[in-house]
Amino acid sequence: MLSELSDWFWQERLWFPEGLGWADLEDRDGRVYAKARDLWVALPIALVFLIIRQIFERTVATPLASLLGVKETVRLRAPHNPTLESFYCSVTKNPTQSSVWSLCKQTGCSERQVQRWFRRRRNQDRPSLLKKFREASVCCMCVFSCSWRFTFYLLAFIAGLAALIDKPWLYELKEMWQGFPVLTLLPSQYWYYMIELGFYGSLLFSVASDVKRKDFKEQMVHHVATILLISFSWCVNYIRAGTLIMLVHDSSDYFLESAKMFNYAGWRNACNYIFIVFAAVFIVTRLVIFPFWIIYCTWVYPVTIYQPFFGYYFFNGLLMTLQCLHVFWAVLIIRIAVRFLTNNEKVDDERSDKDETDESEEEDMKKNGPLQNGHAVHNNNHSKTE
């Protein structure tokens, strides 16, 4: 059964144009070609990324956050109430008015007490400012800043540019199909692919512990589509196209991560202006270069040299999926940028949930500062948002 499934999955008509197949990618005459089995290397690389990230967050990010004045958020905790906790975990985190009345009867609490309990309980589940900072964690020494994702995206972009700077298909996109699929694999391409695949694999593995924003589902689709795209392009030797796609995506992400870091550190002006640079680079690369150069060259040009096949449609389908996500995120980015440019408002991540407060809690915080189990707590984060 498994043998038949494997034979069907790897049949050449699914992966190659007519007249071409796996035999064309056998190493010969000192020329090396990409192999599907090479992708297993990405698994230990993903594990290494996860380990490095944990070490980085503990030894670099947390001490640096303290140095920059980013403190662990102190929140009012919901008092222990088995009935409300059971409803919160098994039914909904946002009860309707009728549910609130029912819970009042079951617990003997007032309507306001029940509503306050749910607000505080939801706040407990929201990630703290320090946790968000660790993910994008900043390290400033004069003009130097680094973070986990910022460092990777920046180094990946530099490495990708170095690997492609002398390649003709960077300047003339049609060259990516010259001689396809018999394209020799270069060492720089091999490591560029494996490291990118390992990194996105680590993001997929760590998604359970990362900060969950409102576009969580879109992020998951993006990670899965990216992993499929990298893996598929490797197997069918679409490597030249794949390296260009990865370079375009890495070109803007490090700006976003640096803007988030400055935001969490409370450096508003730096955050705002870096975000505007990010928005400009994102729009140019994701809404102009990617669809009108990259996708055009993978969609239109190949059919002039071979008949369309399943892999052609599958590859371009993944690219279109990414492009839909680009449009979704571009709308959010443009909305934030316009608000900042027209009203001079601060840049905030619309994907993040904000802590909830009610009027009585705000009055207490203004008079005494935030309370923790009835005692005042000093809050050094009054100028920072999550």
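**Exercise 1. Find how many aromatic pairs the structure holds, and classify the pair of Phe49 and Phe152.**

Solution. This predicted model holds 34 aromatic pairs. Take the rings of Phe49 and Phe152: their centres are 5.6 Å apart and their planes stand at 90°. Planes over 60 degrees apart count as edge-to-face, so this pair is edge-to-face.

Phe49 belongs to helix H3 (residues 42-67) and Phe152 to helix H8, so their pair ties together parts that are 103 residues apart in sequence. Both Phe49 and Phe152 are buried.

**Exercise 2. Work out which helices the pair of Tyr88 and Trp117 ties together.**

Solution. The aromatic pair of Tyr88 and Trp117 is edge-to-face, with 6.2 Å from centre to centre and 80° between the planes. Tyr88 lies in helix H4 (residues 82-90) and Trp117 in helix H6 (residues 111-125), so parts that are 29 residues apart in sequence are tied together. Tyr88 and Trp117 are buried.

**Exercise 3. Decide whether Trp148 is buried or exposed.**

Solution. Trp148 is part of helix H8 (residues 148-164). Buried means under 20% relative accessible area. Trp148 has 10% relative accessibility, so Trp148 counts as buried. From Trp148 to Phe49 the C-alpha distance is 9.8 Å, while 99 residues separate them in sequence.

Definitions and conventions
Residues are numbered from 1 along each chain as its sequence is written. This is a predicted model: local features need pLDDT of at least 70, side-chain atom pairs count only at pLDDT 80 or more; totals for chains, interfaces and linings use all residues. Side-chain values use heavy atoms; hydrogens and water are left out. Helices (H or I, at least four residues) and strands (E, at least two) are DSSP runs, numbered from the N terminus. Buried means under 20% relative accessible area, exposed over 50%, partly exposed in between (1.4 Å probe, protein chains only). Rings of Phe, Tyr and Trp (its six-membered ring) pair if their centres lie within 6.5 Å; planes under 30 degrees apart count as stacked, over 60 as edge-to-face and the rest as tilted.
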